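Dear colleague,

I am passing a structure on to you, and below it you will find my notes on what turned up in it. Please read them with the structure open beside you.

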Amino acid sequence: MPERKRVAVLADSDTRWKWGASTARRLVPDHRLTGYLLRGRATPTARQLGEVGVRADRLAEVTCAEFLAEIERERYDVVVLALVGGAVQAVLHGARALWPAPARRPVLVTGYVGVVYEKLADGLLLRHGADLVLANSRHDAERFRAVYEGVGADSGAVTETALPFLGGAPYEPAGSRAHTVVFAVQPSVPDNRADRAYLLERAARHARLHPGREVLVKLRSRPGEHTTHLEEQPYQRLAERVPGGLPANCRLVYGNMSEVLDGTDLLVTVSSTAALESLHRSIPTAVLTDLGIREALGNHHFLGSGCLASWDQLDSGLLPEGDPVWLAAHGVRPAGTPGPAGPAGPAAEAASGTAADADAYAVARAKVAGLLAAARLPSPAPHYTLTTAAGYLPGILARHRLAPDGTPLPGAARQEAGESRLRRRLRAHLREAARGAYRHGVQRVAPVIRRLGEL
């Protein structure tokens with residue numbers, strides 16, 4: 001019986017852990033998974049990890065330098081980097097320092113946790129140098145290759161897949177149960193109190209207009225916790241200020257998104273990746289236009305999707321349906337739809353080289369298998385070097401305690417070990433203080449406490 005592959009996932013938030021661990025399962029189905037959480041402001045809590053619902057055989061919190069020492073010592077077969085671009089770049093340069101010549105090293109994989117609607121060039125170039133840069137759709141793969149080719153960088157690592165956590169049972173209408181509307185909120189979109197309060201009040205108004213419906217406001221984190229994006233104006237606090245309070249059929253909920261979608265009849269959001277999960281299950285999905293269709297909101301990504309709608313339209317009974325052509329191009333294959341998450345039709349599949357099956361990860365798995373079969377892999381070769389980005393790269397590496405050549409700075413391990421103990425104690429106290437601030441309405445203190453928690 002072949003030995004199970006050893007896979008490591010390094011993540012810096014709850015959502016990126018979900019993406020990284022789910023990706024590992026798709027790429028290497030039979031594996032032993034070790035999870036590493038990059039120490040920082042968004043390091044997930046045990047509750048957040050439990051809500052994500054993806055387990056590891058072992059889980060540890062590390063710094064960048066500690067992680068590099070781990071992958072040199074442990075000899076993993078595959079390493080998935082589920083991180084922001086700067087942290088990916090740091091690990092890639094650290095790996096280049098570990099293996100400066102062709103060697104038996106882990107296959108390095110990275111990508112994006114969801115919709116890519118901002119910092120496209122910056123984020124992609126910081127991820128260049130990984131063996132696979134996963135794109136969640138044909139649309140993204142084309143954009144990624146265009147960026148790399150535009151700067152003269154090798155685009156061969158770009159590999160079309162789909163979001164790894166798309167799944168769940170196809171939608172079935174409510175029938176005898178209460179029609180359920182879920183408003184999936186986002187930590188930083190929109191980013192101001194007035195807009196967030198407006199959206200919450202509209203959800204409450206929808207509940208009042210439809211007393212036979214359940215309206216759930218799906219939250220990402222509890223007070224004092226952090227997610228991929230910093231939440232300056234939490235909905236828990238805004239809910240206390242809704243005129244007249246939330247009606248009985250409108251409430252705040254937490255939980256695993258997939259489980260929440262099991263009972264959803266209409267998913268409403270501004271631009272959350274939850275929209276793609278909902279569309280995959282053929283659940284009516286609305287991407288709100290109340291605040292405009294703007295790049296800052298990310299809802300421009302859904303142009304042509306058939307899902308753009310306002311609360312007024314939803315109040316009047318609109319149930320948007322996703323456009324099949326748009327869905328196919330953006331990596332969404334509604335449950336029960338034949339064919340892969342790629343171009344529509346056999347001719348288009350042949351032209352694109354997409355496998356003629358329903359597995360969007362087949363090509364990526366084949367690439368990983370080919371790399372694993374090689375006796376040696378070349379040293380990682382990021383596009384950013386001291387020649388191409390001498391004024392940018394050293395600062396990125398320094399933030400992760402690495403020298404310009406990718407090696408740990410002198411004394412970094414001892415300093416980080418001492419600081420990590422202090423950080424853990426500080427975060428525990430500050431989370432409790434933040435919860436108390438929210439409970440007692442200390443509006444001006446809570447943001448300061450959250451920022452202190454970034455230490």
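Are F183 and Y235 buried or exposed? F183 is buried, and Y235 is buried as well, where buried means under 20% relative accessible area, exposed means over 50%, and partly exposed lies in between, with a 1.4 Å probe and protein chains only.

Before the rest, a word on the source: this is a predicted model, in which local features need pLDDT of at least 70 and side-chain atom pairs count only at pLDDT 80 or more, while totals for chains, interfaces and linings use all residues. Residues are numbered from 1 along each chain as its sequence is written, and side-chain values use heavy atoms, with hydrogens and water left out.

To stay with the aromatic residues, a search of the whole structure finds seven aromatic pairs, a pair being two rings of Phe, Tyr or Trp (its six-membered ring) with centres within 6.5 Å, counted as stacked if the planes are under 30 degrees apart, as edge-to-face if over 60, and as tilted otherwise. In one of them, the ring centres of F183 and Y235 lie 6.1 Å apart with the planes at 85°, so this pair is edge-to-face. It links distant parts of the chain, since F183 belongs to strand β8 and Y235 to helix α8 (residues 235-239), 52 residues apart; helices (H or I, at least four residues) and strands (E, at least two) are DSSP runs numbered from the N terminus. F183 also pairs with W311, at 6.2 Å between the centres and 75° between the planes, so this pair too is edge-to-face. Elsewhere, ring pairs join Y36, F67 and Y76 into a cluster.

Strands β8 (residues 180-184) and β9 (residues 214-218) pair in the parallel sense over five bridges, and T180 stands opposite E214 in β9. Within helix α7 is R196, which counts as buried at 1% relative accessibility.

Another open sheet has seven strands in the order β3-β2-β1-β4-β5-β6-β7, again with parallel pairing. Its edges are β3 (58-62) and β7 (158-160), each with a single partner strand, so one side of each has no neighbour in the sheet. The twist averages 25° from one strand to the next. Helix α3 (residues 64-74) packs on this sheet, touching β1 (5-11), β2, β3 and β4 (78-82), and its direction makes about 140° with that of β3; contact means heavy atoms within 4.5 Å.

Finally, the charged end of K18 sits over the ring of F165, 4.4 Å from its centre, which requires NZ of Lys or CZ of Arg within 6 Å of the ring centre and within 35 degrees of the ring normal. The charged end of R127 sits over the ring of Y112, 4.0 Å from its centre.

How values were computed:
Pairing = 2+ DSSP bridges. Axes fitted to C-alpha atoms, helices over the stretch in contact; angles between N-to-C directions.
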